[in-house]
Amino acid sequence: MANEQNTAASSTMTPRRALIASVTGYAMDGFDLLILGFILTAIKHGLGLSDAQAGSIVTWTLLGTVAGGIIFGQLSDRFGRIRMLTASILVFSVFTGLCALSQGYWDLLAYRTLAGVGLGGEFGIGMALIAEVWPAHQRTRASSYVGMGWQAGVLAATLLTPVLLPYIGWRGMFLVGLLPALASFAIRHSSSEPENFIKAKPETVSFGSRFAELFKDRRTACASVGVLILTSVQNFGYYGLMMWMPDYLSKQFGLSLKQSGVWTAATVIGMTFGIWLFGQLSDRFGRWKIFLLYQVGAAIMVVVYAAQQNIVAVLITGAIMGIFVNGMIGGYGALISDLYPIQARATAQNVLFNIGRGIGGLGPLVVGAVVSQYSFSIAITMLMAIYILDILATLFLLPKLNGGEELHTRK
């Protein structure tokens, strides 16, 4: 009996355990997707792909996350956070490994899409886990730490890929992408479900009613549409920039792959700081106000960045642009958690964020099309319009909740 109690105590889901589990999983997500951006050229030459086929590999990975978000969000709300996080990691791991064995476009496309299904479970389940373990008044701060996990993975990919790619090739890079997944699996396998989740009796809620929670009344429906706009803009701008930035720096300024990695890393560091700052400011001054501040900053900085002709200025303005363009991801997890009850929280997180990510998957295609007809500078400048749409959604669709206040409990 004593041993059973000690085992239960050791596996209790604490704020620290929840944060480690969520951060490592989301770091894996970021590591994988930016590796793909760096090795696309090598894949294209290795398998004889066209530019359109290479771009579609990224897009279909992100579309796979939409399916994964819907599937794993529902399963997590029914069967548990930890169990489904583990399952999503296994799906991702298997199909990422298979990418290293690809012989052509169609099998690589299938493996990447199915790996995306696994990735689709990461964000929403991890954010729901944070919401159910951390104190409500620190929810945005904790969510921002998870967002920083993504950037840690991106930064690792930015620094490691130029070093490893010449030696192990693009196939070896897919195998490297398995390591964070295995570490994350080990961490999550040792933890139990949050008490708040168990008390909510999720087995009493049907699959259909979980989706219905997203549009159960006019106020909630407006909030859901607003979140979809915010997550779509976030992902469109992020992937449109990050997937093409190494190529832009190489062609515009003649930087080598390693040099492009350093310049891209400066933008990633700015993004990481922006996410951390978002969490700190939101818990103090109100999340919706900080969303507006970042949206205005993003609209301004994409134009400023596109106008730079000096490589040092590109380094500096890229870091500042990163603060605003990706810093907002620090607030989405807490925002969505506050809008929906526990029984539908992971469904809402994964559906709303991953549909946004699927729409954002068009970013590399749209930016690539504009680049081919005009220039990368014009493509970046055009992104200003989507951040204006972001501002309108925040002002007119999202409720002005205080920190830790939940929409479904507001009268």
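Is T267 buried or exposed, and what is its relative accessible area?

A: T267 is buried, at a relative accessible area of 2% (buried is under 20%, exposed over 50%, partly exposed in between, with a 1.4 Å probe and protein chains only). Bear in mind that this is a predicted model, where local features need pLDDT of at least 70, side-chain atom pairs count only at pLDDT 80 or more, and totals for chains, interfaces and linings use all residues. Residues are numbered from 1 along each chain as its sequence is written, and side-chain values use heavy atoms, without hydrogens or water.

T267 belongs to helix α13, residues 257-285 (helices are DSSP runs of H or I, at least four residues, numbered from the N terminus). Skipping neighbours within four places in sequence, T267 is in contact with M245, G318, A319 and G322 (contact means heavy atoms within 4.5 Å).

Now for the aromatics. The structure has 9 aromatic pairs (Phe, Tyr or six-membered Trp rings with centres within 6.5 Å; planes under 30 degrees apart are stacked, over 60 edge-to-face, the rest tilted). Take W150 and Y238: their ring centres are 5.8 Å apart and their planes sit at 70°, so this pair is edge-to-face. It ties together distant parts of the chain, with W150 in helix α7 (residues 139-176) and Y238 in helix α11 (residues 218-242), 88 residues apart. W150 is buried at 3% relative accessible area, and Y238 is buried too, at 4%.

Y294 and F324 make another edge-to-face pair, given ring centres 5.6 Å apart and planes at 65°. This one also links distant parts of the chain: Y294 is in helix α14 (residues 287-306) and F324 in helix α15 (residues 311-327), 30 residues apart.

Back in helix α11 you'll find L228, which is partly exposed at 22% relative accessibility. Beyond its neighbours within four places in sequence, L228 touches L352, I355 and G356. The C-alpha atoms of L228 and R357 are 9.4 Å apart, although 129 residues separate them along the chain.

Last stop, helix packing. Helices α4 (residues 81-99) and α5 (residues 105-119) pack at about 160° with axes 7 Å apart (axes are fitted to C-alpha atoms over the stretch in contact, and angles run from 0 to 180 degrees between N-to-C directions). That makes α4 and α5 roughly antiparallel (over 145 degrees). Their crossing is left-handed (the near helix turned anticlockwise from the far one by less than a right angle; clockwise is right-handed). Among the α4 residues in the contact are F92 and F95, while the α5 side includes Y111 and R112. Helix α3 (residues 51-79) also meets α5, with axes coming within 6 Å and crossing at roughly 35°. That crossing of α3 and α5 is right-handed, and its contact residues include W60, G64 and F72 of α3 and Y105, R112 and G116 of α5.

Methods:
Helices (H or I, at least four residues) and strands (E, at least two) are DSSP runs, numbered from the N terminus. Angles under 35 degrees count as roughly parallel, over 145 as roughly antiparallel, 65 to 115 as roughly perpendicular and the rest as oblique.
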